[in-house]
Amino acid sequence: MFHAALQLPIDRRADLAAELLRSLDEEERSLPQTEVDRRWAEEITRRADRAIRGESTGLDADAVLTAIEAKLRRR
């Protein structure tokens, strides 16, 4: 299914991605705030641990923004 989704035209993939993200938002809204907070704290801890172990080095924000702008200009 994932491979088939990757074969869709870019506008259809964008629509699909937006729908998937929307479904996650809807699920999150159905959870108690304490559970949402717990999950975010768990995710932040996971990411921080990866950074501390050197498994996630991060990216320079200016470089990322420049790359995004370049991609948008090519559209």
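Which residues line the largest pocket? In this predicted model, the lining of the largest pocket consists of Leu24, Asp25, Glu27, Glu28, Leu31, Val36, Arg39, Trp40, Glu43 and Arg47. The space inside amounts to about 250 Å³. Among the charged residues are Asp25 and Arg39. Leu24 and Trp40 are among the nonpolar ones.

Two helices, α2 (10-29) and α3 (33-52), each contribute at least two residues to the lining of the largest pocket. The biggest share comes from α3, which supplies five residues.

The protein as a whole is helical in its assigned elements, with four helices and zero strands. Read from the N terminus, the order is α-α-α-α. The radius of gyration is 17 Å, whereas the globule rule gives 11 Å for 75 residues; the value is well over that figure, so the protein is more spread out than a compact globule. Along the principal axes, the C-alpha atoms occupy a box of roughly 40 × 35 × 20 Å.

Burial was also computed for the chain. Of the 75 residues, 3% count as buried, a class that requires under 20% relative accessible area. The accessible surface of the protein totals about 7,000 Å². Carbon and sulfur atoms account for 58% of that surface.

Methods
Residues numbered from 1 in each chain as written. Predicted model: local features only at pLDDT ≥ 70, side-chain atom pairs only at ≥ 80, totals over all residues. Heavy atoms only, no water. 1 Å grid on protein atoms, 1.4 Å probe; cavity = no way out; pocket = protein on both sides within 12 Å on 5 of 7 lines; lining within 4 Å. Points joined across faces, edges and corners; volume = space filled by probe spheres on them. Rg over C-alpha atoms; globule rule 2.2 N^0.38 Å. Buried < 20%, exposed > 50% of the residue type's maximum accessible area, 1.4 Å probe, protein only. Areas by Shrake-Rupley, 256 points an atom, 1.4 Å probe, with all protein chains shown as cover.
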